[in-house]
Structures are given as C-alpha cells and as structure tokens.
Amino acid sequence: MATIKCIGILTSGGDAPGMNAAIRAVTRSAIYHGFTVKGIMRGYKGLITNEIVDFGSQSVSNIIQLGGTILKTARCSEFTTSEGRKVAYDNMRAAGIDALVVIGGDGSLTGASIFAQEFDVPIIGLPGTIDRDLGGTDHTIGYDTALNTIMESVDKLRDTASSHERLFFVEVMGHTAGYLALNSALASGAEAAIIPEMETEVDQLAELINHGFRKSKNSAIVIVAENPATGGATGLAERVKKEFPQYDARVTILGHLQRGGSPTARDRILASRMGEAAVEAILEGQRNVMIGIEKGELTYVPFSKAINHRKAIDRDDIDLVKILSI
Ligand code: ATP
C-alpha cells in the first residue's frame, strides 16, 4: 500500500448535529500526526465536480458548537454509477488525496464501500446520522441531539395536549428505524411508540385508547416513527378519527427541525473521539471500516456489518413504555 500523506474528508447524506465536531477532530488529529488535509464540499457530489479545498487547523476553528456541516452535504445519484465514481476517483487522485474519511449514514457508507473496492482506496467511515440505523455501534453522531430536540418538542406539545384534552400523534424521523421514536417516547413519557419493528394495527391503537387513554387519562401523546408503509402519524390519526370519532386526534410532524441545532455535549464528545479514532485507524493501516462504539469502547466495524446488521430494538424498552404509561 502506498504511503498515505493526504486525507480527504467529506460529509454525505442527511446532515446530523456533531458532523462539524467530527470534521474538526479528523482535521486536527490528522494535522497533529503529520498528514495534510483536504475538505471535499457537498459529499460525493464535490468529488465529482471537483470542489476540493485545502484544510488547515484554523479551517475548523469555532465550529464544534455548530449544527449542520461546514462541508455541506448532498445526495448524489451520479456517484451510484461506475462512470460517476471514476470521475470522483480521478479528481481525488489529482488533488493528491490518498485516503478518505466519510461521515454519513448507511447510504453514504454503502457508497464508500463500493468506491473502496472498485478503486482500492482506503476509506474510514464515521457514523453521522440522527437515525442510529447502523450496525456495530451503540450510538451515531447526531442521534443524541435529535433525541433531545424531540423530547423538548414533545414536552411543549404535552402542555397543549393536556390543556385541550387531545390525543396527539407526533411523527419523528428514523428512516424505517424505530430507535428515535422509542427512546423519545421513553424520554418524554409518551403513552405509546408506534415503530416499524412492530406490527401496527388499529387493534393496538384501540387497546391503547381503551386501556390507557380512556381509562385514566384525558390526553395522550403517541410517538410515531416515519413509515411510508403505514402513512406515518397522519395515516394512523385518520384511522383513529374514523374508528373513535369521540377523540380529538391531532398530528404534529416534527420534520427537519429534528436535524438542526447545536450538538449536545454527548454528540460533541462522541464526534471528537470518533474523529481522532479515524486518523488512528489510518495510521494503523485499517481500511474500509467504520468507527463504532460499543459499551463505551471504540471499535472498527467492517462496512458490510455497519450497513447490513442494524442493531435490534430492545423489546424491554417497548414494554417499558407500556408499563410506565398506565
Ligand atoms: P441519512 O442516514 O441521513 O439518510 P445516508 O448516508 O443514509 O444519510 P443517503 O441519501 O442514503 O444518505 O446516501 C447518501 C449518498 O451516498 C447518496 O446520495 C449517494 O451519493 C451515496 N450512495 C448511497 N447508496 C449508494 C450506492 N448503492 N452506491 C453508491 N453510492 C451510494
């Protein structure tokens, strides 16, 4: 393997709070260890359109507290073609980049895995996604901030729900994964979480309403993970309105506000540790692995595991929401 002198960094897919902290950590650790660093703008798109800039330690000053990503991000269909990836590779080599650090979700790491195999490029991935839908890691950068944002929003909705005695369906992101919905339900004391990992039938809602809402409560919050298959919160609320017209059911879709905001301390620390670990991985000759964290320890997770082996939802947590909502 040729000596690595220059590391390129990009952020790809949906933005996640803490991506800037990760960019900062990778840049500064790389410079500390004697590498040169280039920032690639707009994810894979910037590799194809050749938007590559020199990065020094001051390029990442004063960004640890910022949401979003200073490198910008994009979804890039051209990179899913071999012709697009060839252009990306040629530009990367012309810029003198020997290895890449890719910060993004499962789609971005799928792209990284294909690119790495096709052109023998060393790539280290960092799990940057609010969805927490990657395998081999207990946490992803941005998840904790999004969870806190949802919790604060639901706290506010609770005031209205209880004052007006309403049933609120609150839709949260998750990209077909229920972690954000389930854990935000726990954190906000919601009456139920409807997640893609569980069968969602009108019967379950009926049970919830009859045994929880009607019996002992005059308002309720149900957190619903986005899910095109069920129509998400809107679809469920419509079904409830039809079957239980006596309830004042309302829908709130939190949408993109879940992505924004200043990262929590937990996300900043995670991003800093993972960013430094990405550079350590390159120094150790690792390639095509994602940095994960399990039981507090940083690990190297092969891309195939990160992409294909999402962690199972903890059934105890599903039960816990039920137990605590009586
Ligand atoms: P999030 O978790 O926030 O949705 P993500 O990384 O999963 O982030 P995607 O839109 O799925 O976001 O993927 C980001 C980019 O990764 C895509 O726009 C594309 O450029 C690249 N990518 C995704 N899948 C592939 C693939 N199969 N082959 C090559 N590139 C891919």
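A residue counts as buried under 20% relative accessible area, as exposed over 50%, and as partly exposed in between. By this criterion Arg 250, at 35% relative accessibility, is partly exposed. The model described here is predicted.

## Domain arrangement

Two domains make up the assignment: domain 1 covers 6-142 + 263-308, and domain 2 covers 144-259. Taken over C-alpha atoms, the centres of domain 1 and domain 2 are separated by 34 Å. The contact between them involves 14 residues of domain 1 and 13 residues of domain 2. Together the two domains bury about 1,200 Å², and 49% of this area is on carbon and sulfur atoms. On the side of domain 1, Ile 130, Asp 131 and Arg 132 supply 45% of the area buried against domain 2, more than any other three residues.

Which kinds of polar pairing occur across this interface? The rule finds 8 residue pairs in polar contact between domain 1 and domain 2, whereas the count of salt bridges between the two domains is 0.

## Salt bridges

Side chains of opposite charge can pair when their charged atoms come close. Over the whole structure, a search finds 12 salt bridges. The table lists some of them.

| Pair | Closest N to O separation |
|---|---|
| Asp 138 and Lys 311 | 3.1 Å |
| Asp 248 and Arg 250 | 3.1 Å |

Lys 311 forms a salt bridge with Asp 138, with the closest N and O atoms 3.1 Å apart. Because Lys 311 lies in the loop between α10 and α11 and Asp 138 in the loop between β5 and α5, this pair ties together parts that are 173 residues apart in sequence. Lys 311 has a relative accessible area of 27% and is partly exposed; Asp 138, at 24%, is also partly exposed. A network of salt bridges links Asp 138 and Lys 311 with Glu 294.

Asp 248 and Arg 250 form a further salt bridge, their closest N and O atoms being 3.1 Å apart. Asp 248 is partly exposed at 30% relative accessibility, and Arg 250 is partly exposed at 35%.

## A buried glutamate

Where is Glu 191 placed? Glu 191 is found in the loop between α6 (179-188) and β7 (192-194). With a relative accessible area of 6%, which is under the 20% cut-off, Glu 191 is buried. A polar atom of the Glu 191 side chain lies 2.8 Å from the backbone nitrogen of Ile 221.

## Helix α8

Helix α8 comprises 12 residues (232-243). From its first C-alpha to its last, α8 reaches 17 Å, close to the 16 Å expected at 1.5 Å a residue. The buried residues of α8 are Gly 232, Ala 233, Gly 235, Leu 236, Ala 237 and Val 240. An α-helix has 3.6 residues a turn, so residues three or four places apart point the same way.

Conventions: Residues numbered from 1 in each chain as written. Predicted model: local features only at pLDDT ≥ 70, side-chain atom pairs only at ≥ 80, totals over all residues. Heavy atoms only, no water. Helix = DSSP H or I, 4+ residues; strand = E, 2+ residues; numbered from the N terminus. Buried < 20%, exposed > 50% of the residue type's maximum accessible area, 1.4 Å probe, protein only. Polar contact = N/O pair within 3.5 Å; in protein donor to acceptor, adjacent residues only side chain to side chain. Expected span 1.5 Å × (residues − 1). Salt bridge = Lys/Arg side-chain N within 4 Å of Asp/Glu carboxyl O. Domains from an automatic or database assignment. Contact = heavy atoms within 4.5 Å. Buried area = accessible area lost by both parts, 1.4 Å probe.
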